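Reader: Please walk me through this model. Keep it brisk.

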Amino acid sequence: MRPIITRSGWGARMPRKPFTRLKPSRVVGIVLHHSGVQNGPSGPKALKAFERTHMDTRGWNAIAYNWLVDEEGVVYEGRGGGIVGGATRGWNSRTESICYTGWGSGPVPDKALESIRWTMDQIQNRYDNKLWIKGHRDKASTSCPGSELYAWLQRGRTMPKDPKLGAKGVDWEAVAKYVAALGEQVAAKPLSRRRRSRGKAVELVQRQLRDKGHDPGGVDGIYGRMTAAAVKSFQRHRGLKADGVVGRNTWNALFS
Ligand SMILES: [Zn+2]
């Protein structure tokens, strides 16, 4: 468990009217945002700045995001869990949102990525791990959450400690090489339920399936019945041969 700075902890203002609760059965995803400004305020100051913009300039009910994560990896409660947010037009009653308070188009510190992933896992836990994970740009015409943060989503939220990475932020080349190397292994020996495949590659496949909206029934690194069904569903969706086996083509489709 890592500490979360609660609304009272960062001095959030009272919402204009009571928060509306999300209907859990309607919630389908998690949307990631970033501050959209370079060299903006950091820590609680960033939260107060968002709050001022959202409440005073735009006249919204409260800070728009459900959760926020700063460059140091500190997690903050925005509107909090299970509450209708205001950050993703058209999707606020069907998603929870996370905002990285830094600039997502430059290097994002490892500790921030770890906290973002941790926050996503906490949200998933509350919704039986059934949610897709997308960037704001998937739902609107915007560059949010920035090129680097979006690339991290596309690459399966691979953690810095998985491949060999530099001390400062994520070395994207190393992450890409890592995914490519696993892909070569998969091409040589496809992953399948029949083979009882398990391990890191299966775990990454499950994460990608879940993020793309094909529920593999959990991310446990074991290629079971639900993973095979999710692979078939993904393959059909992408016009691939729906055999439930992850070889080169399906791997490439999952990671592109
Ligand atoms: Zn956004």
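Author: First, a term: two strands pair if DSSP finds at least two bridges between them. Strands (E, at least two residues) and helices (H or I, at least four) are DSSP runs, numbered from the N terminus. This is a predicted model: local features need pLDDT of at least 70, side-chain atom pairs count only at pLDDT 80 or more, and totals for chains, interfaces and linings use all residues. Residues are numbered from 1 along each chain as its sequence is written.

Reader: Which residue stands opposite Ile98 in S5?

Author: Strand S3 (residues 67-69) and S5 pair in the parallel sense, over three bridges. Opposite Ile98 in S5 stands Trp67.

Reader: Which residue of S5 does Val31 stand opposite?

Author: S2 and S5 run parallel and are joined by six bridges. Val31 stands opposite Ser97.

Reader: How many residues of S5 are buried?

Author: A residue is buried if 20 or more other C-beta atoms, placed from the backbone, lie within 10 Å of its own. Thr95, Ser97 and Cys99 are buried on one side of S5, and Glu96, Ile98 and Tyr100 on the other. The buried count for S5 is six of six.

Reader: Why are the buried residues of H3 on the same side?

Author: The buried residues of helix H3 (residues 147-154) are Leu149, Tyr150 and Trp152. They lie on the same side of H3 because of the arc they cover, taken from the directions from the helix axis to the C-beta atoms. That arc is only 155°.

Reader: Which residue with positive phi follows H3?

Author: The phi is near 75°. The residue is Gly156.

Methods:
Buried ≥ 20, exposed ≤ 12 C-beta atoms within 10 Å, placed from the backbone.
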